[in-house]
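Me: I am new to this structure. Can you help me learn to read it, one feature at a time?

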Amino acid sequence: MDFMSTVKGSMLEGFYPDGWNMAKIDACCDHPAESIGERQSFWHRDFKPVPCENVHDFDMMMGHEIAQNIRRTKEAGKKLAMILPVGPMGMYKWAVYFLQEWNVDCAHVYGFNMDEWSDAEGNTLEPTNPGAFQYAMEQAFYGPLGALTVPPEQRNFATKANLPTYADKIAALKAEGAELITVFGIGRMLHIAFWEPHFAAEYDSSEAWSRDCYRIGAKLHPLTIEQNAITSFKSRTTLVPCRANTIGPGLFLQSDRIIGGCDGALGRGMMWQGMSLWITLRHGPDRWLPSTYMPTLAGKLFYLKELAGPLQAECN
């Protein structure tokens, strides 16, 4: 007795995206924890999952990776476009620490926040709202960098007016030899940024899906709302907007490198991200599961070792 054998006629029938093959998804998760790093045929030759013993190691290692790439491009005389998330967040304090220790400034860095809460018309929260992603980035990264920070005119946030300009700005930077690095987390619904899996139904092909660069006032899946209620709003669902402005695969799939992070463990054996991690690493690219494209790109995906499981029942 499980999901597949009981879903018919239940309130969850039709709740998950049409393109989700639950049997295949389940098979992705049915492996020994120690096998999670086994290379798959669809992985980029320079893609690597990196296990972290605990959240403190995770924050430090991911922060070091961000800072190291900023330093590397600085020393190479290159501009660096960075698509940046709000979630995970703990790595930013370590990125700041390393950059300050090395005295590396970010004058060559162009930041592009990948998403922002919105209403149906794409209007976003005020930057002073503590729930706003712009506020979070200013508090966690841009502000603490002090004199070494990214110049304000090189910081981009996903407002209704600015998000549509991302593609041209990034294209212009790449034409000048800039690298594009996407920093990301993986959603419970396998989204990257707020590019949700149910969007796939609107495209005739994966090629058409992969060309779309952004969406204004995107409808978020109910489980995305609940994930954020848990992780960012102290469980208070009523505070979470139901829509967002977000970049799309037309941008994140252009990345020269990626820096991913999965830290979705809740303590006492509870987690929300183990299944998402396994699907990302084992399923293979599928537009109904956006995060499954990330292993096809060069870079690293840092993850808490406990998310590898084994993903078996345990009544907490």
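Me: Where does G264 lie?

Reply: Keep in mind that this is a predicted model. G264 lies in the loop between β9 (257–262) and β10 (265–267).

Me: Is G264 buried or exposed?

Reply: Buried means under 20% relative accessible area. G264 has a relative accessible area of 2%, so it is buried.

Me: Which residues does G264 touch, leaving out those up to four places away in sequence?

Reply: G264 touches M271, W272, Q273 and L307. Now take L304. G264 and L304 are 40 residues apart in sequence, yet 7.9 Å apart in space, C-alpha to C-alpha.

Me: Now E196. Where is its place?

Reply: Look in the loop between β6 (179–185) and α7 (206–211). E196 is buried and has no salt bridge. A salt bridge needs the two charged groups within 4 Å. The nearest side chain of opposite charge is R215, 10 Å away.

Me: What lies 2.8 Å from a polar atom of the E196 side chain?

Reply: The backbone nitrogen of H221. H221 is also among the residues that E196 touches, including M189, K219 and P290.

Me: How do I read empty space?

Reply: Roll a probe the size of a water molecule over the atoms, and the empty space that is left shows up. Here, the largest pocket holds about 550 Å³ of space. It is lined by 27 residues, and the closest to its centre are V86, G87, P88, Q227 and T231.

Me: Which element gives the most to that lining?

Reply: α8 (222–232). It gives 4 residues to the lining of the largest pocket.

Technical notes:
Residues are numbered from 1 along each chain as its sequence is written. This is a predicted model: local features need pLDDT of at least 70, side-chain atom pairs count only at pLDDT 80 or more; totals for chains, interfaces and linings use all residues. Side-chain values use heavy atoms; hydrogens and water are left out. Helices (H or I, at least four residues) and strands (E, at least two) are DSSP runs, numbered from the N terminus. Buried means under 20% relative accessible area, exposed over 50%, partly exposed in between (1.4 Å probe, protein chains only). Lys and Arg count as positive and Asp and Glu as negative; His and the chain ends are not counted. A polar contact is a pair of N or O atoms within 3.5 Å; within protein, one must be able to donate a hydrogen and the other to accept it, and residues adjacent in sequence count only if both atoms are side-chain atoms. Contact means heavy atoms within 4.5 Å. On a 1 Å grid over the protein atoms alone, a cavity is a set of points where a 1.4 Å probe fits but cannot get out, and a pocket is an open set with protein on both sides within 12 Å along at least five of seven lines; lining residues have an atom within 4 Å of a point. Grid points are joined across faces, edges and corners, and a volume is the space filled by probe spheres set on the points.
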